[in-house]
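Me: I have just opened this entry and would like a guided tour. Could we go through it together?

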Amino acid sequence: MLDSHSERRSLLRSVLSRTRCSPSIIGADLRVVGDVESAGDVLVDGTVEGNINTQNVVINEGAHIVGSIVAETAQISGSVTGRVVAVSVNLARTAKVVGSIFHNDLSIEDGAVLDGLKPWRPVQHFSSRQTVR
Amino acid sequence: MFAQSDKRAEAATGQLERPRQAAQGSGEPSLISADMRIVGDLECAGEVHIDGKVEGNIHSATLVVNQGALVEGSIFADTARISGSVNGRVEAKSVIIGNTAKVVGDIIHQTLEIDSGAYVEGQCSRMEAKKADGEAKVAVARPGAGAAKVGAQEAGAASAASAKPAAS
């Protein structure tokens, strides 16, 4: 159990940007009712009823976000009900997004469900986020 | 295995709501990294490790607050291992407070361990203390005598308390 956990974490590090801290993980059995702010990477398997403001976010299959997501990169395989604002957005096959996706770079895999607008914005639009105090 | 721990968590805290949408858990602990800040409540059926900042209440089966972490709010858990800063009440069956911890708030526990050097400010009371009419009363571990002495609610609590060690 412990081995697979550290394996998953090292895989994350190779996928996501290298930050000072290890990525935060909101596990499948965790439900957050409130806002999540991070200066680094967030991996969501569970439920977040609130907004997410982070640098990189990966929303795995089975995760539920009810709220907006503001990030630099967003990799979505789960369910998002709210607006997504990110420079680079990828919707995987199992993604379901109900809300608009403000993006500079958007890719949608076959099978993803999107109910919302896809407004393109220049990179300058995504102003520097409020960092974690 | 996880269904059992949920039941124990519910029985222990009495206030732990079973997370409605949460799965039974992958067995891997959730991690709130040092660069993360959560303004809101956490509900977990499994294990949560906190290195960052949580402004809100935490309900979890197992909770680890690492050094440098800050929790502003109450903690309801089965097992709480605290090496960071907690401003709020801690209610857990097993409370372990490390020497880098700073806990400002009451500690409700069944077993308690405080390392030398820890900063603890608050009242430490045992979990069997059942609040009746707002007053904490230590339950007598003799269900027969207890039923005659106290009201029906207390007797129910006393028999539940004596049944708990047998079950766990």
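**A conversation about the model**

Reply: Let us begin with B:His49. Apart from residues up to four places away in sequence, B:His49 touches B:Pro29, B:Ser30, B:Leu31, B:Ile32, B:Val64 and B:Asn66. Please bear in mind that this is a predicted model.

Me: Which strand does B:His49 lie in?

Reply: B:His49 lies in strand S3 of chain B, which covers residues 47-50.

Me: And which side chain joins B:His49 in a polar contact?

Reply: That is the side chain of B:Glu47, and the polar contact is 2.7 Å.

Me: Let us move on to B:Met36. Is it buried or exposed?

Reply: B:Met36 has a relative accessible area of 1%, and because buried means under 20%, B:Met36 counts as buried. Its place is in strand S2 of chain B, residues 36-44.

Me: Where is B:Lys53, then?

Reply: B:Lys53 is placed in strand S4 of chain B, a strand made up of residues 53-55. With neighbours within four places set aside, the contacts of B:Lys53 are B:Met36, B:Arg37, B:Ile38 and B:Leu70.

Me: How far apart are the C-alpha atoms of B:Lys53 and B:Ser74?

Reply: They are separated by 13 Å, with the two residues 21 residues apart along the chain. For another pair, B:Met36 and B:Gln123, the C-alpha atoms are separated by 30 Å, and these residues are 87 residues apart along the chain.

Me: New topic: rings. What lies over the face of B:Tyr119?

Reply: B:Lys102 lies there, at 4.9 Å from the ring centre.

Me: How many aromatic pairs are there over all chains?

Reply: The count comes to zero aromatic pairs over all chains.

Me: What about the helices and strands of chain A?

Reply: Chain A has one helix and 14 strands. It holds 133 residues, of which 48% are buried. For chain A the accessible surface is about 6400 Å², with 50% belonging to carbon and sulfur atoms.

Me: Among contacts between residues at least 6 apart in chain A, what share joins residues at least 24 apart?

Reply: In chain A that share is 10%. In chain B, 12% of the contacts between residues at least 6 apart in sequence join residues at least 24 apart.

Me: Last topic, confidence. What pLDDT does chain B average?

Reply: Chain B averages a pLDDT of 77, and 61% of the residues score at least 70. Over residues 130-143 of chain B the pLDDT is below 50, and this stretch has 14 contacts in the model beyond near neighbours in sequence. Residues 145-168 of chain B also have a pLDDT below 50, with 13 such contacts.

Me: And what ipTM and pTM does the model score?

Reply: The model scores ipTM 0.81 and pTM 0.71.

Key
Residues are numbered from 1 along each chain as its sequence is written. Chains are lettered from A and ligands numbered from 1 in the order in which they are written. This is a predicted model: local features need pLDDT of at least 70, side-chain atom pairs count only at pLDDT 80 or more; totals for chains, interfaces and linings use all residues. Side-chain values use heavy atoms; hydrogens and water are left out. pLDDT is the predictor's confidence in each residue, from 0 to 100. Contact means heavy atoms within 4.5 Å. Rings of Phe, Tyr and Trp (its six-membered ring) pair if their centres lie within 6.5 Å; planes under 30 degrees apart count as stacked, over 60 as edge-to-face and the rest as tilted. A charge sits over a ring if NZ of Lys or CZ of Arg is within 6 Å of the ring centre and within 35 degrees of the ring normal. Helices (H or I, at least four residues) and strands (E, at least two) are DSSP runs, numbered from the N terminus. A polar contact is a pair of N or O atoms within 3.5 Å; within protein, one must be able to donate a hydrogen and the other to accept it, and residues adjacent in sequence count only if both atoms are side-chain atoms. Buried means under 20% relative accessible area, exposed over 50%, partly exposed in between (1.4 Å probe, protein chains only). Accessible areas come from the Shrake-Rupley method with a 1.4 Å probe; for residues, only the protein chains shown count as cover.
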